[in-house]
Amino acid sequence: MFALKKIGIADTTFARADMGSYCEKTLFAEANATQREISIERYTVPGIKDLPVACKRLFNEGGCDIVIALGMVGAKPIDKQCGHEASLGMQAVQVLCGKHILEVFVHEDEGKGNDELLAKVMANRAKGHAQNALWLLFEPETMRKRAGTARRQGFADEAFFGLE
Amino acid sequence: MFALKKIGIADTTFARADMGSYCEKTLFAEANATQREISIERYTVPGIKDLPVACKRLFNEGGCDIVIALGMVGAKPIDKQCGHEASLGMQAVQVLCGKHILEVFVHEDEGKGNDELLAKVMANRAKGHAQNALWLLFEPETMRKRAGTARRQGFADEAFFGLE
Amino acid sequence: MFALKKIGIADTTFARADMGSYCEKTLFAEANATQREISIERYTVPGIKDLPVACKRLFNEGGCDIVIALGMVGAKPIDKQCGHEASLGMQAVQVLCGKHILEVFVHEDEGKGNDELLAKVMANRAKGHAQNALWLLFEPETMRKRAGTARRQGFADEAFFGLE
Amino acid sequence: MFALKKIGIADTTFARADMGSYCEKTLFAEANATQREISIERYTVPGIKDLPVACKRLFNEGGCDIVIALGMVGAKPIDKQCGHEASLGMQAVQVLCGKHILEVFVHEDEGKGNDELLAKVMANRAKGHAQNALWLLFEPETMRKRAGTARRQGFADEAFFGLE
Amino acid sequence: MFALKKIGIADTTFARADMGSYCEKTLFAEANATQREISIERYTVPGIKDLPVACKRLFNEGGCDIVIALGMVGAKPIDKQCGHEASLGMQAVQVLCGKHILEVFVHEDEGKGNDELLAKVMANRAKGHAQNALWLLFEPETMRKRAGTARRQGFADEAFFGLE
């Protein structure tokens, strides 16, 4: 009755929290609650610039239907440049493979020097996009209903405008 | 007598207005007024960086002839970087598929802190590019007549220079 | 005796002058004066980011041997970013198709707020690159003789250094 | 009993230290200590922008399973731009070949004008990523255990957050 | 006894010196001195953004084993952006063709307003990379010996660090 979907989780040894595990827990909990059948494959690499090819392999060799790529972008200019390069690499993989990579990047300076806040954003954003992955795979109509409603992952949603 | 054309609309849950619905209404109204036959497929994703692969799927799996990709780019530097990455991804999709993606991005700071203005730009730009999509599909000669005439979407047109 | 060459002209409704028509006139006048046989196909799109896929179609569906892509880049930072994205898209098309796209972009701020100067640069650059297109197609030896001689399009040529 | 893996080392004549040799020594020492069988192929190019195609050749012609690309990025803005372009080229190679390139770039200004420090970072980062290459090839489970534990190459590791 | 290698030289009419001819002279003189057999094909285009597709054609239609792409990057911000776009285009060509393009770009502001210095850098860098092209083609072992020895083209070499 349920179609099995395979979800890839790519993450790094560079990040300051194991975001992949938050992601994994939410995926299993939500899939269980909604009776969706999923399997998960994890792939850990050194840093964010190693993520795009890991995603490619999760699609081509791992047979994943979607990949969640988690990383922490450091606060130095060179870190931000690396984040940009990683994002472009992941655009290329998505375009070539025709499948979604949900990029879950947390910038170290989103924590504003407060480690507790940073840890919270990392956990929440990983969980938020785990939910998005399930909707994209199993409930596109839920995504459609949320179109243009100012949804955020990691911080609170914002205000949105009704139709004229 | 009329060739049926399929138009994809890709949009996000991040945007602060349902631009896709403005687009859809204009498409149906204009197509009806000019007796063009169209069908529309919508595809909603979390954020603008998820749009390029959605467009690719609308072309390859959805059989769309053109896609309108709508998104709101936030005001922070990282949002602008995401907009740039999304745009490059959509360039790649267009080049690979050989079909147009009309990118309808509104930058949150175009509203200059005035939410009413922002909402208006979002509605108007979506409508303006819906019209462009129809001209590209059905009336290339109308596009040709407007060449070099300083047309804008979302704000008023500008002044243009006649030929020497 | 003469090989017919097909030249594509891609332009926009955004530009503040019909640069494509300057280009077209120069192409026909010069081709006539040098007894070259050419045909021209025009393709008008909304803005510069729509040019790359138009060029791709002019090559693949239109059978063009070269394309001249004309556009005006606005003065705001976002306009400059769009110009950059369009240029990268056109690099991709050229690399994939193995044919030249002469990018004829005029930046609105090249006019320094003087509309007369801006209109002149737009006309002159379009004409200058129309000439370059013909040399690339029919007289590579003329290009070779001009190597390293500081040629400009739209403004006066600059000084160049002789060989040691 | 052991699968032979081939590791490519691409480096430059521009760099101010022979990082490739540090890399090579660590690879042989670690492979020996853990009884892994490896072979190494080196490929030296002028500068960092020549690395991407060298990596492509190490994969396609050299049959490498992974490549370590080592380079020093100069301190001038144009050097940083070259580093960015090289990184994007290496993203493209990885995505096309489906194999990892560990990018071991040291920025000259990481030395803060202190040549001794710079030399040390170059040596340590080369060694650190040689270890990562072996883990990626032979022990993905070791990478997995280190996920989200703030590992650094060239400088000390940072603090990381436990799971909630 | 000697393998004939074909070397492409791509250059521009925009540059303020005929760098291609310096390159050509060095190539013939060095090849002669070391008894290597080479042939050269030149291809002149308007500006640096036209170089990538010229290189592609030199590989695919011209059968070149390596290409040297020479250009002068102007001093204005838009010139630097063009240089960046050209470099990314040449990365794409190298990755697709699996052959080296030695990018010999001189930035006009490297002359610091001194035309004599600028002309000298242009001549020297062209000659330096002509030598690199021959080593890459015929003597990879010479490149290997020079790994990490801080070699520069156009200016003097820098200091390098010995192995620990």
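Superposition was by least squares on the C-alpha atoms of residues with pLDDT of at least 70 in both copies. The two copies use different surfaces: 7% of the contact residues of chain D recur in chain A. Two residues are in contact if their C-beta atoms, placed from the backbone, lie within 7 Å.

As for conventions, residues are numbered from 1 along each chain as its sequence is written, while chains are lettered from A and ligands numbered from 1 in the order of writing. Because the model is predicted, local features need pLDDT of at least 70 and side-chain atom pairs count only at pLDDT 80 or more, whereas totals for chains, interfaces and linings use all residues.

The interface between chains D and A was examined next. Here 28 residues of chain D are in contact with 31 residues of chain A. On the chain D side, α3 (77-97), β4 (101-107) and α5 (140-145) each supply at least two residues. Helix α3(D) gives the most, with seven residues. Helices (H or I, at least four residues) and strands (E, at least two) are DSSP runs, numbered from the N terminus. By class, this side of chain D has 11 nonpolar, 10 polar and seven charged residues. Ala, Val, Leu, Ile, Met, Phe, Trp, Tyr, Cys and Pro count as nonpolar, Asp, Glu, Lys and Arg as charged, and the others, Gly among them, as polar.

Other chain pairs do not touch. No contact joins chain B and chain D, and their closest C-alpha atoms are 13 Å apart. Chain A and chain E likewise have no contact, with closest C-alpha atoms 13 Å apart. Chain C can be laid on chain B by a turn of 72° and a shift of 0.0 Å along the axis, with an RMSD of 0.0 Å. These copies also use different surfaces: 6% of the contact residues of chain C recur in chain B.

Chain A has five helices and four strands. Their order along the sequence is β-α-β-α-β-α-β-α-α. The radius of gyration of chain A is 16 Å, close to the 15 Å that the globule rule gives for 164 residues, so chain A is as compact as a globular protein of that length. The radius is taken over C-alpha atoms, and the rule is 2.2 Å times the number of residues to the power 0.38. Along the principal axes, the C-alpha atoms of chain A fill a box of roughly 50 × 45 × 30 Å. Buried residues make up 57% of the 164 residues in chain A. A residue is buried if 20 or more other C-beta atoms, placed from the backbone, lie within 10 Å of its own.

In chain C, six of the eight residues of strand β1 (residues 5-12) are buried, so β1(C) is largely enclosed by the rest of the structure. Strand β1(C) runs parallel to β2 (residues 38-45) of chain C, joined by eight bridges. Strands pair if DSSP finds at least two bridges between them. C:Asp11 stands opposite C:Thr44 in β2(C). Four bridges pair β1(C) with β3 (residues 66-73) of chain C, also in the parallel sense. There, C:Ile9 stands opposite C:Ile68.

Terms used
A residue is buried if 20 or more other C-beta atoms lie within 10 Å of its own, exposed if 12 or fewer, and partly exposed in between; C-beta atoms are placed from the backbone.
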